[in-house]
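Open the structure in your viewer and keep the sequence panel beside it. Each stop below gives a selection and what to look for there.

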Amino acid sequence: MNAKTILLLLGVAAMAAADSFEFGGYGAPRRYSSDSSESFESYESDEAKYNFDWAVRHGPSGNNYGHQEARDNDNTQGSYHVNLPDGRRQTVTYFVDGGSGYIADVKYSGEASFDSGSYESRSFESGSFEFGSDSHEFPRYSPPRPRYYN
């Protein structure tokens, strides 16, 4: 046999194998039971119920933010807060009640200021910045030296 005949036979065999393969499609994971009397139940039908809370407070960097949320079925409520670069604190309180959608109440505390030590006036070319009463230096990096191999 020549090469063209072999390629033609391989192509026909590949098409026949592909045609016999049944593809069920994509979908959510399902639980199957070997007992046919047990009814099918989707993972999505489980009721959602959780509660979490986390926060970050790092003095040297000035990071202070957090989030808390509680959910019981379609009712969700929570809040999160963050210190903004201008010195204010943003707090968002929200709730979701089934079909009403996401409803948020955004509040700010403190006064915005852009004085000489603020975020807007920092010079990144100088290699240093101040945050509160602390002064910090940016790490210095130099390009890697080229390496030559024989």
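Start at D105. D105 is partly exposed, at 37% relative accessibility (buried is under 20% relative accessible area, exposed over 50%, partly exposed in between, with a 1.4 Å probe and protein chains only). This is a predicted model: local features need pLDDT of at least 70 and side-chain atom pairs pLDDT 80 or more, while totals for chains, interfaces and linings use all residues. Numbering runs from 1 along each chain as its sequence is written, and side-chain values use heavy atoms, without hydrogens and water.

Stay on D105. It lies in strand β5 (strands are DSSP runs of E, at least two residues, numbered from the N terminus). Draw a distance from D105 to V92. Their C-alpha atoms are 5.6 Å apart, although 13 residues separate them along the chain.

Next, select K107. K107 forms a salt bridge with D105, with 3.6 Å between the closest N and O atoms (a salt bridge puts a side-chain nitrogen of Lys or Arg within 4 Å of a carboxyl oxygen of Asp or Glu). K107 is exposed, at 52% relative accessible area.

How many salt bridges does the structure hold? Two. For another, select D86 and R88, whose side chains meet at 2.9 Å, N to O. D86 is buried at 9%; R88 is partly exposed at 24%.

Move to Q90, in strand β4 (residues 89-97). Is Q90 buried or exposed? Buried, with a relative accessible area of 19%. Show its side chain with that of Y108: the two make a polar contact of 3.1 Å (N or O atoms within 3.5 Å, one able to donate a hydrogen and the other to accept it; residues adjacent in sequence count only if both atoms are side-chain atoms). Beyond four places in sequence, Q90 touches several residues, including Y80, H81, V82 and L84.

Now zoom out to the sheet. Five strands form an open, antiparallel sheet in the order β1-β2-β3-β4-β5 (two strands pair if DSSP finds at least two bridges between them). β1 (49-58) and β5 (102-109) are the edges; each has a single partner strand, so one side of each lacks a neighbour in the sheet.

Finish on β2 (residues 63-72) and β3 (residues 75-83). They pair in the antiparallel sense over eight bridges.

Key:
Helix = DSSP H or I, 4+ residues; strand = E, 2+ residues; numbered from the N terminus. Contact = heavy atoms within 4.5 Å.
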